[in-house]
Amino acid sequence: MSQIVSEANTANIVVDGNQRIQTMKDHLFKEKRQISLERALLYTESYQKTEGEPTIIRRAKAVVHILENVAISIREGELLVGNRTIRPRSGILSPEMDPYWIMKEIDTIDGRPQDQFEFTEADKKIYREKLYPYWQGRSMKDFINQQLTDEVKDALKDEVFKLNQTDKGQGHIIMDFPGILNHGIAYYIDQLAEKIHDQPENDFFKAGYLIFVGLRNHFIRYQRLALTLAKSADSVRKNELLVIAGMCQKLSQEKPSSFYEALQLLWMTSIVGQYESNASSLSLGRMDQYLYPFYEASLRAGESEAFLYEVLGDFYIKTNDVVLLRSETSAKCFAGFPTGYTVVLGGLDELGHASVNPLSYLMLDLYHEILLPQPNLSVRMNEVIPRKFLLKTCETIRLGTGIPQLFNDEVCVPAFLSKGVSLDDARDYATVGCVETSIPGKTYGLHDIALFNLLRIMELSIYDLKDKKNVSYEMLSADIKAKIDYYVELVVKGSNIVDLGHRAYAPTPFLSVLIEDCLANGQDVTEGGARYNFSGVQGIGEANLSDAMYVIKKMVFENQELTFAELVEALAANFEGKYQSLQQHVIQDFDKYGNDNDEIDQIAASFFRHYAKELEKYENVRGGKFIPGAYTVSAHIPLGEAVGATPDGRKAQEQLADGGLSPMVGRDRLGPTAVLKSVSKLDNYLTVNGSLLNIKFQPNTLKGQQGLNKFANFLMAFTKLKIQHVQFNVQSKETLLDAQKNPAKYSGLLVRVAGYSAFFVDLNKQIQDDIIARVGHEL
């Protein structure tokens with residue numbers, strides 16, 4: 001087992017590790033991130049040749065054109081092949097989705113505050129002269145902007161909500177990986193050929209067929225490349241390349257039979273999904289479950305555990321090669337490249353029993369050596385989790401990278417049952433993106449379609465009532481709820497327009513073939529072909545809203561320390577001048593959410609329930625339901641910029657509470673158990689789309705076996721309290737401050753941002769300061 005140098009743990013330095021894994025890891029970060037135009041150019045070439053054909057056919061032909069012509073390589077030491085670009089960690093453009101933000105930021109993207117990319121002058125010239133002129137007026141963004149109503153545009157301008165997924169293809173989804181691993185590529189080619197014979201007018205089947213044949217041929221390209229490279233390689237590498245060539249040839253025709261082959265097909269399937277969508281969070285689901293039969297078969301066939309460890313390590317490394325390019329605004333909300341290669345370990349089987357196997361342990365053990373942001377490992381908690389696996393989970397969290405995060409089967413399974421999901425499917429749930437829950441291979445959930453700013457709504461209500469006589473707490477609460485109802489209707493309208501934009505401009509036939517019921521229905525996921533169809537809207541600001549309403553209730557209406565009009569005057573003055581002491585009074589002298597105060601927690605629960613139940617009334621354009629979530633990614637900072645001073649003591653444009661259900665930064669004063677108690681009083685069964693709770697621990701509190709056992713008991717308390725999600729930062733404030741001052745010393749330092757981990761030095765100062773300011777708890 002590899003070891004981490006204790007004094008350099010924060011920099012993720014591993015000694016005595018697997019040499020191949022460490023070499024590949026080093027190579028991944030040698031070059032600066034650069035924008036690649038290759039996919040965009042090939043996609044555009046194809047589109048120029050297919051004018052007048054159905055969109056889904058044009059999309060399929062564009063993907064095939066990429067698979068046939070994109071430059072490919074087999075990097076030094078790789079055992080698994082397939083890369084989006086030859087240059088590691090390149091940003092790929094999708095001008096067919098939205099060419100405008102790229103043009104707007106073409107000269108600033110290399111120096112912007114967050115997630116910079118190098119954009120060469122030669123490529124800028126190509127974009128300006130070739131790509132932008134073609135896609136201007138032809139993109140999905142054009143369609144969406146034309147369809148948005150004036151009311152929705154006004155709400156967007158007022159920053160009550162933010163629509164996502166307007167500049168990229170389908171993501172936040174898990175393909176049917178068990179299906180393709182157990183059947184192979186040829187099975188789908190044959191199935192689609194039969195469907196085309198029976199329904200020759202169905203373009204979805206034709207499009208799917210084209211791409212699956214393209215995937216088969218893409219494997220042949222790698223077979224030929226491996227054979228060519230083998231001619232000049234040394235004997236050891238030559239044998240490896242010949243094995244790769246044979247494997248690629250086999251997988252082009254047959255299903256995998258070994259762990260190595262299964263991982264190769266899994267990765268190549270993911271890469272084709274990336275070429276098709278160029279989207280975040282084409283997540284990987286329950287890898288320890290569907291790969292375990294292949295792992296067992298390889299061991300029975302005499303493969304060494306060391307080799308299988310090395311191949312899985314290669315897979316882990318490759319998930320970090322996919323880096324997503326976002327606009328500057330989007331990068332603020334999703335800072336630090338959350339790619340969304342989310343993997344779930346453990347959980348329940350179809351009988352409701354604990355589903356932990358040797359591969360579950362191996363996948364955690366391997367992460368102790370990888371120490372990178374991807375894969376974004378998750379562990380499913382339940383009341384029957386084996387103690388040994390729970391302690392292994394605690395050991396991994398103790399590394400301080402924020403991985404894995406935890407999900408509670410005791411909440412997630414019944415939550416899905418409440419939405420009409422079958423018991424077997426509910427027990428098989430996994431996570432996509434950051435913290436969104438989904439049914440693997442069966443759901444198109446548009447899980448990240450919009451962010452809904454509850455605190456901004458409270459601010460609008462406060463100012464609307466400022467001149468009213470006889471304002472009461474009940475009147476204010478009623479006005480907030482009425483505004484929630486009004487804006488929920490608008491966010492639904494906006495989200496459905498985005499949904500229709502994807503249907504009209506960005507169908508995904510390859511992905512859809514690997515989502516159950518699409519083949520049976522003969523429909524792409526954007527048409528409603530999936531078994532389960534949801535749209536997820538995140539309600540954000542619960543902690544600040546409840547804190548602010550509690551202050552208003554106590555200070556204005558019960559204690560009568562000042563009038564409502566005087567409070568509004570203080571907010572308009574941003575707590576400055578004569579109101580400076582008032583700000584400290586509301587921060588210091590009133591309890592806050594996160595400290596197990598029933599009255600405050602009830603306020604949070606009441607408003608979120610109202611929002612959730614209102615959202616659930618609406619249907620999306622695919623015939624599914626809207627479902628609520630409660631997570632911010634890193635959007636609590638830009639969403640805070642949209643809100644003026646609030647009665648909880650926030651000044652204008654200051655951040656909101658991080659995470660989603662986390663207390664406002666620095667306000668959780670009574671320890672981590674009190675935080676759990678507060679969150680448990682919300683109706684966590686409502687957040688079917690996902691919720692997020694951040695907790696930060698001092699490293700010393702998890703030291704030794706005693707620390708691990710305490711932490712394990714804390715996690716069982718989380719489980720029994722029926723909270724959906726929790727994740728941890730285990731870094732000292734001193735370490736983070738030093739990393740901020742001396743970034744070169746901490747290039748490998750990982751921290752938990754939201755539902756993902758990122759390199760601390762890659763984050764802008766606002767987010768760094770937020771993480772530093774979070775309370776470091778002890779047990």
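## Reading the model

Residues are numbered from 1 along each chain as its sequence is written, and side-chain values use heavy atoms, with hydrogens and water left out. Because the model is predicted, local features need pLDDT of at least 70 and side-chain atom pairs count only at pLDDT 80 or more, while totals for chains, interfaces and linings use all residues.

UniProt, in an unreviewed entry, places "domain: PFL" at residues 19-651. Its positions follow the numbering used here, feature names are shortened, and annotations may be inferred rather than shown by experiment. Over residues 19-651 the chain is 54% helix and 8% strand, with the end C-alpha atoms 51 Å apart. Helices (H or I, at least four residues) and strands (E, at least two) are DSSP runs, numbered from the N terminus.

The unreviewed UniProt entry also carries "domain: Glycine radical", covering residues 659-779. Here the chain is 36% helix and 14% strand, and the end C-alpha atoms are 21 Å apart.

## Helix α10 and its partner

Let's follow α10, which runs over residues 203-230. Its 28 residues reach 41 Å from first C-alpha to last, close to the 40 Å expected at 1.5 Å a residue (the expected span is 1.5 Å times one less than the number of residues).

The axes of α10 and α11 (residues 235-251) come within 8 Å and cross at roughly 160 degrees, which makes α10 roughly antiparallel to α11. Axes are lines fitted to C-alpha atoms, for helices over the stretch in contact, and angles run from 0 to 180 degrees between N-to-C directions. Angles under 35 degrees count as roughly parallel, over 145 as roughly antiparallel, 65 to 115 as roughly perpendicular and the rest as oblique.

For α6 (residues 140-147) and α22 (residues 473-505), the axes come within 9 Å and cross at roughly 140 degrees. From α6, M140, F143, I144 and Q147 make the contact, with I497, V498 and H502 among their partners in α22.

Most residues other than glycine have a negative phi, and most peptide bonds are trans. Where does this model depart from that pattern? One place is the loop between α17 (358-370) and β9 (376-381), which holds P375. A cis peptide bond joins Q374 and P375, with omega about -5 degrees. L371 is found in the loop between α17 and β9 too, and has a positive phi of about 50 degrees although it is not a glycine.

Another cis peptide bond joins I403 and P404, where omega is about 0 degrees. P404 sits in the loop between α18 (387-397) and β10 (405-408).

Conventions: Contact means heavy atoms within 4.5 Å.
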